[in-house]
Amino acid sequence: MINHIEIYVSNLQKSLVMWEWFLNELGYEKFQKWEQGESYKLGEFYIVFVQAEEKFLKDGYHRKRIGLNHLAFKANSKEQIDKISKELKKQKIKILYEEKHPYAGGENHYAVYFEDYDRIKVELCYSS
């Protein structure tokens, strides 16, 4: 079992606008807060967001480089995915693979894919 995941972001305040809303929708609660970061917890697992140091910002992030490709979260229902998809559009957060949405992962995989402020791909999926 994973204990936690820590993600360095280029702009903590901008990143938290999306992440806090999204994680709250999934039942996460704010766990820790300090000057350079925040964390959100669900059960025993927590996810941490930390402001990257200035000297590490220039190269940015790209999911096709070596390292993390995306984070996938499990939805409670198809309706939850639909609700979050509508809110993503309302917040002008681009849905990836929109031409195949909500079956971009295959016809038995109901999901929404999108990117955060730093273009980290996020998946919310439901499998029955």
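**Salt bridges and aromatic pairs in a predicted model**

A salt bridge joins the side chains of lysine 83 and glutamate 25, with N and O 3.2 Å apart; the term covers a side-chain nitrogen of Lys or Arg within 4 Å of a carboxyl oxygen of Asp or Glu. Lysine 83 sits in helix H2 (residues 78-90) and glutamate 25 in helix H1 (residues 12-25), so this contact ties together parts that are 58 residues apart in sequence. Helices (H or I, at least four residues) and strands (E, at least two) are DSSP runs, numbered from the N terminus. The model is predicted, so local features need pLDDT of at least 70 and side-chain atom pairs count only at pLDDT 80 or more, whereas totals for chains, interfaces and linings use all residues. Residues are numbered from 1 along each chain as its sequence is written, and side-chain values use heavy atoms, with hydrogens and water left out.

Lysine 83 is exposed at 52%, while glutamate 25 is partly exposed at 28%. In the salt bridge between glutamate 115 and arginine 63, the closest N and O atoms are 2.6 Å apart. This pair links distant parts of the chain, since glutamate 115 belongs to strand E6 (residues 110-115) and arginine 63 to the loop between strand E4 (45-51) and strand E5 (70-74), 52 residues apart. Both glutamate 115 and arginine 63 are buried.

Lysine 89 and glutamate 98 form a further salt bridge, at 3.5 Å between the closest N and O atoms. Lysine 89 is partly exposed at 48%, and glutamate 98 is partly exposed at 43%. A network of salt bridges links Glu20, Lys30, Lys33 and Glu38. The structure holds 9 salt bridges.

Turning to the rings, there are 12 aromatic pairs, counted for Phe, Tyr and Trp (its six-membered ring) when centres lie within 6.5 Å; planes under 30 degrees apart are stacked, over 60 edge-to-face and the rest tilted. Phenylalanine 22 and phenylalanine 73 form an edge-to-face pair, 5.3 Å centre to centre with 80 degrees between the planes. Phenylalanine 22 lies in helix H1 and phenylalanine 73 in strand E5, 51 residues apart. Phenylalanine 22 is buried at 0% relative accessible area, as is phenylalanine 73 at 7%. The rings of phenylalanine 31 and tyrosine 46 are tilted, because their planes meet at 50 degrees, with centres 5.1 Å apart. Finally, ring pairs gather a cluster whose members include Trp19, Phe22, Phe73 and Phe114.

Conventions:
Buried < 20%, exposed > 50% of the residue type's maximum accessible area, 1.4 Å probe, protein only.
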